[in-house]
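Hello,

Here is the structure I promised to pass on. My notes follow below it.

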Amino acid sequence: MSSATTPTPPTKPSPPPSSVPLRALSVSTSSPRPLRLCGESSSGLPARPLLIGGTDEQCHGAYPLAMSTKPRILTGDTPTSTGLHLGHFVGSLENRLKLQDEYDCYFLIANVHAFTTLSEKPADIRANTIGIVKDWLAVGLDPKRSTFVLQSEIPAIAELTFLFAMLISFNKVMRNPTLKTEIETKGLGDTYPFGFPMYAVGQCADILAFRPELVPVGEDQEAHIEMCRDVAVKFNQLYCGVGNRVEPKDHAKAGGVFPIPAAKLGRVARLVGTDGVNKMSKSLGNAIFLYDTEKQVQKKINSIVTGRATATSPIDEKNALIQLCEAFIPADRVAEIKANYASGKEVMDGHIKAELGAAINALISPMRERRAKYETPEGEQVVLDVIRDGVKRANKVAEETLAEAKKAMKLDFLTRTIG
Ligand code: TRP
């Protein structure tokens, strides 16, 4: 592993939880089927075999395959672009970082979903996939404590997607407000592929394949989590005999295959961009990226318009400068800044902007430095190893879930081996 992540002792192997019988499933550890991760990739990365179900020795990083007994978390990002910004940080990444110790975390790169809008650009999706893993590592997500999941290599997700698609009406999917907003903001009109609305069902499978308790996401994803909860409830009621009066929190206890997961929103629901109007977003050009240089950060903050007539005029507390101070400067100091602005004393915006810039730079400088380390051939290797190890661990969990789900649906005709 790279020195960029703090090593932690490996988790002690422990038996799988008793509620998850392994007998219906065997993940091969003897003759793994090598899959080319790169092949003739136009990204220029070296071809390395990706093993599903290989032995620990074959698994390069040799992270332990033991099942954790901690409650699980799943969340993910779609590699339609790279370049995380402060909005991502306060919306979800910060929660992921905080929860890495208490929870068994699964972080998913939704590279199949990326094809819903970028099907003609597989090389971009591939490059973005690698880029997202680098971003995560740079932020401090730790593949030794958490599992990085490459969606396209987890067959159980695709299978669950099909099964779940029977549990939700077409019209309900089409009314999903997150999908509707995306259709609008991305200008998809009525030309989007069938797979586009299907990805919302796919997201239910991404989540439920790992049977997590929590899903840390930004506000914009709440509708998807709601849909996922509906699907899980329906499944448990239809196939596991869970009564319709059972509270969502009691579903697993009542015999449901799926615990009903809850969304966990970030500390700041909607981070304003430097334009002071819109939510921070790469496409709107109002974002401060986690990998901007110190100078770029300061320049972007300096561009915020406060609209004050003189240095003693009050400031609108909804102004981007104040909102960003609220997000990145300690609360007592923000209270002081606001009081000074309100008092009619002379307050130079430039001083406050410099203070905000320094606070943001202090937060992101270590990330920027770590990110640079991954922009090397060795860095690329670390990323590919992390993906390979993650796939192996993720398939173990997802295959168990699928076996349980198929059993509940009376589809347990055969046992199967991935590998
Ligand atoms: N749709 C999410 C986004 O665009 C990414 C995602 C895919 C996801 N699968 C997920 C998020 C499962 C949480 C859980 O940001």
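Phe164 is buried, at 0% relative accessible area (buried is under 20%, exposed over 50%, partly exposed in between, with a 1.4 Å probe and protein chains only). Phe235 is buried too, at 1%.

A word on the source: this is a predicted model, where local features need pLDDT of at least 70, side-chain atom pairs count only at pLDDT 80 or more, and totals for chains, interfaces and linings use all residues. Residues are numbered from 1 along each chain as its sequence is written, and side-chain values use heavy atoms, leaving out hydrogens and water.

The structure holds 10 aromatic pairs (Phe, Tyr or Trp rings, the six-membered one for Trp, with centres within 6.5 Å; planes under 30 degrees apart are stacked, over 60 edge-to-face, the rest tilted). One of them joins Phe164 and Phe235 edge-to-face, 6.3 Å centre to centre and 85° between the planes. Phe164 lies in helix α4 (155–164) and Phe235 in helix α8 (222–239), so the pair ties together parts 71 residues apart in sequence. Helices here are DSSP runs (H or I, at least four residues), numbered from the N terminus.

Phe235 also pairs edge-to-face with Tyr239, at 4.9 Å and 70°. Both lie in α8, 4 residues apart, about one turn of the helix. Tyr239 is partly exposed, at 29%. Phe164, Phe235, Tyr239 and Phe258 form one aromatic cluster.

Elsewhere, Arg371 lies over the face of Tyr291, 5.3 Å from the ring centre (the rule: NZ of Lys or CZ of Arg within 6 Å of the centre and within 35 degrees of the ring normal).

Best wishes

Technical notes:
Helices (H or I, at least four residues) and strands (E, at least two) are DSSP runs, numbered from the N terminus.
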